Amino acid sequence: MAAMPAELFAVLAAMPDEARVTRAGRDFWVGHLHGREVVAVLSRIGKVAAATTATLLLAEFGVTQIVFTGVAGGLGEGVKVGDVVVADALLQHDMDASPLFPRFELPGTDISRLHPPRALVDTVCRSLREALAPETLAARQPALMEQLASLGLGQPVVHRGLVISGDQFLSSARACAALRGALPDALAVEMEGAAVAQVCHDFGVPVTVLRTISDRADDTAHLDFPRFLEAVASPYAVAMLGALLPLI
Ligand code: ADE
């Protein structure tokens, strides 16, 4: 699942044989990527839309795991624009049925954080660190190195930790500070991952959530978002999937 059209287009360009199947207004692209049978699809934005897309992938297409790539706002200290966050836990930051249930808990489950399998997260982090290492990028994607430099970005760091999701695009220092106060270990904020993780949890299927940091979720000046997506986030998505798919 890709969050942004530019990422999906980059993935489709690497698929030799995709065929379109439309369900619930969504185009699912069935084919192969790096030798694996895959279904590529846009998640759509927000928790409900992404949960519907995930449910269709699992119930209609019978996929056995979901890999989500997209962009996110950086919340954790040291999580910079251009870095990648691999979720080892996901939580819906706008879930609050208190006083009936503790804040953030998914009602009826006793769970607030969903954890992808640890061994899967280990494999994903190891392979992404190798795929995004300066020597690998310089050898395989020299143009990407130039784009990073021209956007003023350093070498990407792969972080591992809590990713939080909610139906808001976060763009104020105040909102960020409130979330950091409530969830000090959150590394990144986005709008779909924890919803997809909840669907995968219900179906007993593993999920991988990879997010490239596009902004710091505060009111600092944003870099050229379309250019970042085209030049950095989309090639990252393809490079990361290329590294992962043979291993997971
Ligand atoms: N996706 C990318 N940046 C984001 C932000 N600041 N808030 C929510 N989702 C995002």
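**View 1. Strand β3 (36-41) makes the largest contribution to the lining of the largest pocket, with six residues.** Strands here are DSSP runs of E with at least two residues and helices are runs of H or I with at least four residues, both numbered from the N terminus. A pocket is found on a 1 Å grid over the protein atoms alone, as an open set of points where a 1.4 Å probe fits, with protein on both sides within 12 Å along at least five of seven lines; a lining residue has an atom within 4 Å of a point. The structure is a predicted model, in which local features need pLDDT of at least 70 and side-chain atom pairs count only at pLDDT 80 or more, while totals for chains, interfaces and linings use all residues. Residues are numbered from 1 along each chain as its sequence is written, and side-chain values use heavy atoms, with hydrogens and water left out.

**View 2. The largest pocket holds about 570 Å³ of space.** It is lined by 26 residues, and Glu 37, Val 38, Val 39, Gln 65 and Leu 245 are the closest to its centre. The volume is the space filled by probe spheres set on the grid points, which are joined across faces, edges and corners. At least two lining residues come from each of α1 (5-13), β2 (26-33), β3 and β4. By class, 18 of the lining residues are nonpolar, six polar and two charged. Nonpolar covers Ala, Val, Leu, Ile, Met, Phe, Trp, Tyr, Cys and Pro; charged covers Asp, Glu, Lys and Arg; the others, Gly among them, count as polar.

**View 3. The second largest pocket contains the ligand.** A molecule sits in a pocket if more than half of its atoms lie within 2 Å of the pocket's grid points. The space in this second largest pocket is about 250 Å³. Its lining has 17 residues, of which Val 71, Ala 72, Phe 169, Glu 190 and Met 191 are the closest to the centre. β4, β7 and β8 each give the lining at least two residues, and the lining divides into 10 nonpolar, three polar and four charged residues.

**View 4. The shell around the ligand draws two or more residues from each of β4 (66-74), β7 (186-190) and β8 (207-215).** β4 gives the most, three residues. Seven nonpolar, three polar and two charged residues make up the shell; among them are Gln 168, Val 189, Ser 214 and Ala 217.

**View 5. A polar side-chain atom of Asp 215 is 2.7 Å from a nitrogen atom of the ligand.** A polar contact is a pair of N or O atoms within 3.5 Å. A polar backbone atom of Leu 170 is 2.8 Å from a ligand nitrogen atom, and a backbone N or O atom of Gly 73 is 3.3 Å from a ligand nitrogen atom. On its own the ligand has 260 Å² of accessible area, of which the protein covers 95%; areas come from the Shrake-Rupley method with a 1.4 Å probe.

**View 6. The peptide bond from Ser 98 to Pro 99 is cis, with omega near 10°.** Pro 99 lies in the loop between β5 (84-92) and α3 (118-131). Asp 110 is in the loop between β5 and α3, and has a positive phi of about 65° although it is not a glycine.

Methods:
Near = heavy atom within 4 Å. Polar contact = N/O pair within 3.5 Å; in protein donor to acceptor, adjacent residues only side chain to side chain.
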